[in-house]
Amino acid sequence: MMTNLFSVFDPSTTILNLSLNWLSTFLGLILIPFSYWLLPNRFQVMWNNILLTLHKEFKTLLGLSGHNGSTLMFISLFTLIMFNNFLGLFPYIFTSTSHLTLTLALAFPLWLSFMLYGWINHTQHMFAHLVPQGTPAVLMPFMVCIETISNVIRPGTLAVRLTANMIAGHLLMTLLGNTGPMASNYLILSLILITQIALLVLESAVAIIQSYVFAVLSTLYSSEVN
């Protein structure tokens, strides 16, 4: 039962022994032509407002003044993750963000680049981060160990948080979907249907929230090395 349950996350489409399910990661690119319409539609107007809000917030978190391009990376990260989370809610579309392969590939290079930049260019500042202000001298060695471990596990926590939330929601929807055919009467079937619709709405919110959390935490990690 458990093997069949988790098999919904397995890449299953192959041609010439190539796993083509990962191509679903780039399905969000089909929405790019909307931005080149002469008269923007409602979707594009709404999306522009979201991007402008994110730009202002990330700019504040990074402590920037006059540099507008620095938020592009984090807005692109938010967009990529959100579109993949949303597309995974549709039937027969592979959810790439439910795999550590993708989430770690996003989190680890970001964290590594922040650490390298910080330790090479702001070494004293990075050392100061290891000991919070006001720490007693007796506790300083322990705080250095704790802060070091906290920094090292950051890419893992970023990746696992996103993956776990995607897997949990999809498992619940799969379990409810599998109990539908076994419903004995219309009342139970109606309750299952209402619950699944509510869960789908909840998962839509989770898709946005988790992409936002990933992007905001990445922005905060970046601001610490400046």
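Biologist: Is Leu72 buried or exposed?

Modeller: A residue counts as exposed when its relative accessibility is over 50%, and in this predicted model Leu72 has a value of 56%, so Leu72 counts as exposed. Leu72 belongs to helix 3, which covers residues 72-87. Between the C-alpha atoms of Leu72 and Phe58 there are 9.4 Å in space, while the two residues lie 14 apart in sequence.

Biologist: How should I read the packing of two helices?

Modeller: Two packed helices are described by the angle between their axes together with the distance between those axes. For helix 3 and helix 8, the latter formed by residues 186-224, the angle is about 155° and the axes are 9 Å apart. Because angles over 145 degrees count as roughly antiparallel, helix 3 is roughly antiparallel to helix 8. The crossing of these two helices, helix 3 and helix 8, is right-handed.

Biologist: Which residues of helix 3 and helix 8 meet?

Modeller: On the side of helix 3 they are Phe74, Leu77, Phe78, Ile81, Met82, Asn85 and Phe86, and their partners in helix 8 include Ser204, Ala207, Ile208, Tyr212 and Phe214. Sorted by class, the contact of helix 3 with helix 8 holds 11 nonpolar and seven polar residues, with no charged residues.

Biologist: What are the angle and the axis distance for helix 3 and helix 4?

Modeller: Helix 4 spans residues 100-121, and helix 3 packs with helix 4 at an angle of about 165°, their axes being 13 Å apart. By the cut-off of 145 degrees, this makes helix 3 roughly antiparallel to helix 4. The crossing of helix 3 and helix 4 is left-handed. Met73, Phe74, Leu77, Leu80 and Ile81 of helix 3 make the contact with Leu106, Leu110 and Phe114 of helix 4, and by class this contact of helix 3 with helix 4 has eight nonpolar residues, no polar and no charged ones.

Biologist: Which residues does UniProt list as "transmembrane region"?

Modeller: An annotation comes from a record, and it can be set beside the model. The unreviewed UniProt entry lists residues 20-39, 72-93, 100-120 and 183-202 under that name. In the model, the chain over residues 100-120 is 100% helix and 0% strand, with 29 Å between the end C-alpha atoms. Over residues 183-202 the chain is 85% helix and 0% strand, and here the end C-alpha atoms are 23 Å apart.

Conventions:
Residues numbered from 1 in each chain as written. Predicted model: local features only at pLDDT ≥ 70, side-chain atom pairs only at ≥ 80, totals over all residues. Heavy atoms only, no water. Helix = DSSP H or I, 4+ residues; strand = E, 2+ residues; numbered from the N terminus. Buried < 20%, exposed > 50% of the residue type's maximum accessible area, 1.4 Å probe, protein only. Axes fitted to C-alpha atoms, helices over the stretch in contact; angles between N-to-C directions. Parallel < 35°, antiparallel > 145°, perpendicular 65-115°, else oblique. Left-handed = near helix turned anticlockwise from the far one by under 90°. Contact = heavy atoms within 4.5 Å. Nonpolar A, V, L, I, M, F, W, Y, C, P; charged D, E, K, R; others polar. UniProt positions renumbered as here; feature names shortened; annotations may be inferred.
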